[in-house]
Amino acid sequence: MRFSTCYIPTLKESPSDAEVISHKLLLRAGMMRRLTSGVYIYLPLGLKVIDKISKIVREEMDAAGFQELLMPMVQPADLWKESGRWEHYGKELLRFKDRNGRECCLGPTHEEVITDMVRGEVRSYRQLPVRLYQIQTKFRDEIRPRFGLMRGREFIMKDAYSFDVDETAAEQSYKVMYDAYMRIFRRLGVAFRAVEADNGSIGGSFSHEFMVLADTGEDTVVFCDDCDYAANIERAQIGRPGVKTGRICSSCRNVPTSGVHTVDEVAAYLRVPSAKIVKTLILLADGKAVAALVRGDRELNEAKLKNLLKAQDIKLADAAVVEKLTCAPLGFAGPQGLNLPIYADQELESDTDYIAGGNAVDEHAMHLDLPRDARVTAYADLRNIAPDDPCPHCGGRISLKRGIEVGHVFMLGLKYSEAMHAAFLDEKGQERLMLMGCYGIGVSRIAAAAIEQNHDEHGIVFPPPLAPFDCVLLCLDPNNAEVAAAAETIYDFLRREGMDVLYDDREERPGVKFKDADLLGAPMQLIVGSKSLARRRVEYKDRRNGEKGEIALDDLESECRAWVCRVRDGWEAKA
């Protein structure tokens, strides 16, 4: 492919609205352009990257025994109402009516559609398992789309679904897909971890996320240094429960704390460690108010509370609700005297003599003893794991890293087949419900995640399997007949070798060509210039490590083949 005839609109500077590095570099490299908030056009080079990712995904899905289909993006509301998600999915579900007044939505996912299709076709256990997948555009109406392809409203996703006769068969389908995902992400050339995960709005019994490790990731990955345990922060359990204390403390009383709101401010004002403060958080679980208590130096894990309450939705109450329930503004809520369910983190059982909000303006309560002074409904693991916690599996040391979720596999069980009555007749002629699995990969998000993990100050450093080109061939003086002829000869050779080459034949300054070559992130660069050519040499550069050298023209074919193998085989995914 000749640069002079390609549409590659590179930019010298990053657009002002681009936040994370992948967003900046995808725009600068001319791989995508913004159409509207959270919606992007994939330009030719960006689409090449997407196609390379899709090809790897398709090959492994096909090898795993899944068949490809394509389902509509527009879905009827009736199916979502049947599953119960029309009301619970939230505002991210873009709802609309067609010209006949029928309610519809743009599909953020396809559990309802695939379940409806299979229940209409499958009658007997002999037709199971059914394993299907698609690669298709999805739409989620994010309230704050940001970070380019990392959190857009429209995105490309591979979603797959399995239907099985029983739990054993369903777990086998899950394992088949888990193993396929491991192969996919290894082939993509990114550093990743498979971690235990919370199921969220999809539902189901258990799941794993596949996380690309990157410092800019939105998610936190927890893994053990001594065993193979790994989980996301929402799922990671605390390895040591609280042990009830037998100590008692003085009577609880309020003290003035004018203008002191945050944990750090209270700790400094009262000269106590933040671990002695109880944070009282008022939340709405499916619209009903509850209080959650955690130590001042800990963070509430809303996913754990949501699972404990078996709630569909949970969110922090606004200031007006907090004041109505506690008779105090934000920052001064405490558990004492509250007339609502109170759920406390299990760690709080191991101590007493706490400090909490006084449920009064500019007051905090001292000498709080939870069993004595508050009606705690239940103690449970409700907080985020911290670096000083032991591994919940082996007791070893844990580490926390940032990650970007790019894949998720769910064991759905009967969630959708029960709600939508997806049934079959077993070998005894008895009706039974199908067990389902659901498996997603963010195809467009992988492109962004790979860049977040692989870049430098000059631009993108694509893993070889994802790069839009295997090599950029730079002709530094296209007006020099000898240089141009040599570049053409090398270009023809590389294409005969089966390489995808971008031949920069533009009449541009060498500096412009070098900058564009680095920006686009191809693993290899070959440079043809008059000085090196006079010595019958061609320069090369390894984009990954910056290694430079020369290849003799007489040895071009053998040296180039060896170098190509070195670059491709020597790639090691890095976090």
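In this predicted model, three strands come together as an open sheet, arranged in the order S4-S6-S5 with antiparallel pairing. Strand S4 (74-76) and strand S5 (95-97) lie at the edges, each pairing on one side only. On average, and with direction ignored, neighbouring strands of this sheet are turned by 40° against each other. Phe96 can be found opposite Cys104 in S6.

Once its neighbours within four places in sequence are set aside, Lys81 is in contact with Trp86, Glu87 and Glu103. Between Lys81 and Ser207 there is a C-alpha to C-alpha distance of 24 Å, for a separation of 126 residues in sequence.

Helix H2 (residues 44-63) packs with helix H12 (residues 443-453) at an angle of about 110°, and their axes are 9 Å apart. Since angles from 65 to 115 degrees count as roughly perpendicular, H2 and H12 are therefore described in that way. Their crossing is right-handed. On the H2 side, the contact is made by Val49, Ile50, Ile53 and Ser54, while H12 supplies Val443, Ser444, Ile446 and Ala447. Sorted by class, this contact of H2 with H12 comprises six nonpolar and two polar residues, with no charged ones.

Notes
Residues are numbered from 1 along each chain as its sequence is written. This is a predicted model: local features need pLDDT of at least 70, side-chain atom pairs count only at pLDDT 80 or more; totals for chains, interfaces and linings use all residues. Side-chain values use heavy atoms; hydrogens and water are left out. Contact means heavy atoms within 4.5 Å. Axes are lines fitted to C-alpha atoms, for helices over the stretch in contact, and angles run from 0 to 180 degrees between N-to-C directions. Helices (H or I, at least four residues) and strands (E, at least two) are DSSP runs, numbered from the N terminus. Angles under 35 degrees count as roughly parallel, over 145 as roughly antiparallel, 65 to 115 as roughly perpendicular and the rest as oblique. A crossing is left-handed if the near helix is turned anticlockwise from the far one by less than a right angle, and right-handed if clockwise. Ala, Val, Leu, Ile, Met, Phe, Trp, Tyr, Cys and Pro count as nonpolar, Asp, Glu, Lys and Arg as charged, and the others, Gly among them, as polar. Two strands pair if DSSP finds at least two bridges between them.
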